[in-house]
Amino acid sequence: MYIKTKDGKVNPSNSESIVPYVDKLPIPMTAKPINKYNSSYYHSDEDYYNIIMQEGYHKFHRDFPYTKMWMYNGVFPGPTIEARKDVPILVRWFNNLPNKHLFPVPHTLHGTLDAPDVRTVVHLHGAEVADDSDGYPDAWYTRNYEKTGESFTGKVYKYTNNQYGATLWYHDNAIGITRLNVYAGLAGFYILRDNLEDRLDLPKGKYEIPLMIQDRTFNEDGSLFYPEAQIVDHQASLPVNFGNVATVNGKIWPYLNVEPHKYRFRILNGSNVRDYKLTLSNGASFTQIGTDSALLHHAQTIESFLLEPAERIDVIIDFSQYAGQEILLRDSTGDPVPLGNEGNIMKFKVCLPLSSHDSGEVSELLPYHGIDSSLASIERTIHLNQRGTMHLLNNRMWSDPSTEKPEVDTIEIWHLVNHFFTPHPIHVHLGHFEIIGRKIFTNDDFDENGDYKFDINSLVPPHKYERGLKDTVSAEPLTVTTIVMHLKRTGKYVYNCSIPEYHDNDMMRPLNVTDRFIPIS
């Protein structure tokens, strides 16, 4: 039932008035390099991209007016950057935004007291890059670089792409304001390809589609709604912002016409807070081929999967047996604020004629042998806890001195102890890791210093869809989640909750990777 206003128009603020599946799924445009970059510092043969952050208008739905947004190169999602493994590229991210923000900006959060309301810095989520290209939260800058943060070092970012092919994404990461900038539209895909993937018989071309899932709420005039922060004891209390409609690649409940063929979907949860447990309405399964940071060793069949904010998954859906059918991609998490249209995300219409032979069976993918946790040089216990309105890591704020100082090219085990009744997705910049397992903890699991007493045999293995290299992990409620990682660069990085409402409010800590100390014999 769709409830329209008296004049017959849709009310964008009421999800029940919005007719689903009337807009075709857009495929994000691909960014094009403009030239080679000439500099004494950089090699002149590297592809160079200019990407501009600017205010513009986007149409979320057939019956909506245009919505004012902040976008990269004037499109939402931003243009997809396609890169090759071990082939560096250069990107200059121009801030051409107005001086007034789309949403109210509180000034009691970390890094906001004296900072301008409109500031940006881009983080390539999942990239192993030098720290001056990582998008450090304090490296922000304003329009024309009139003002810059204390960690700002340069205008051009170098992405070396020395890692496995994977689905990455870029988004704003400015301190204290990430939640507003991302919600305003500053996000896009970065797809890293490699020769191994080229040799595999995977769906490609028109059969390979990225899906950025985000929830949004709108005002009656079609503008984006974001709740204003409340001030409690002189501190901003940030609302957890659940939208009431699902958007995919910038359209509300879109449809996609497909052939009875295998399709590859690179799926990103780009929402601020909402997680998604995704299934297909006809009970069909997915073939998972990758996680956040790489392809799997072997393809596997899964019936459903859960994505926390910033997590990605690489799956194949085989439509070959469903010609003439319509299939819904559905969310069944039942978050505190229900998603409209009964939790549906989008519709697949298997209505196109088959135009090419299908790809073959997918089996062995990446010959990956895993990180050997027995080689770990140190264990760290990270407590996720609360002080007032702030969610913290080890009860420390962003501005407190760095306590995590790993040595480069060493292996570490981290125990993420979530004291909350809700999950927190934890993202480690630079760090690609594997999940060893989880355990619901009791007080007996910790020593007198609060460190976790690690017993690998007591852990429940990770969920099937989480096995493989990742950069973001769900720290589940009242549970210790143990991960193992190998850090391969020195520099100033970050680890944080990837729910921006929380890391804007101090659930973020510096990660300073140091040179390795080798004793002289």
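Which residue stands opposite histidine 391 in strand 25? In this predicted model, where local features need pLDDT of at least 70, side-chain atom pairs count only at pLDDT 80 or more, and totals for chains, interfaces and linings use all residues, the residue is glutamine 386. Residues are numbered from 1 along each chain as its sequence is written, and side-chain values use heavy atoms, with hydrogens and water left out.

The setting of this residue pair is worth a look. Strand 24 (residues 378-387) and strand 25 pair in the antiparallel sense over 4 bridges; strands are DSSP runs (E, at least two residues), numbered from the N terminus, and two of them pair if DSSP finds at least two bridges between them. An open sheet of 5 strands runs in the order 25-24-26-30-28, with mixed pairing. Strand 25 (390-393) and strand 28 (432-440) are at the edges with a single partner strand each, so one side of each has no neighbour in the sheet.

The whole structure holds 26 aromatic pairs, counted for rings of Phe, Tyr and Trp (its six-membered ring) with centres within 6.5 Å; planes under 30 degrees apart count as stacked, over 60 as edge-to-face and the rest as tilted. Tyrosine 157 and tyrosine 159 form an edge-to-face pair, because their ring centres are 6.3 Å apart and their planes stand at 75 degrees; both residues are buried. The pair of phenylalanine 265 and phenylalanine 348 is tilted, with centres 5.3 Å apart and planes at 45 degrees. Since phenylalanine 265 lies in strand 16 (residues 262-269) and phenylalanine 348 in strand 23 (residues 344-350), this pair ties together parts that are 83 residues apart in sequence. Phenylalanine 265 is buried at a relative accessible area of 0%, and phenylalanine 348 counts as buried at 1%.

Key. Buried means under 20% relative accessible area, exposed over 50%, partly exposed in between (1.4 Å probe, protein chains only).
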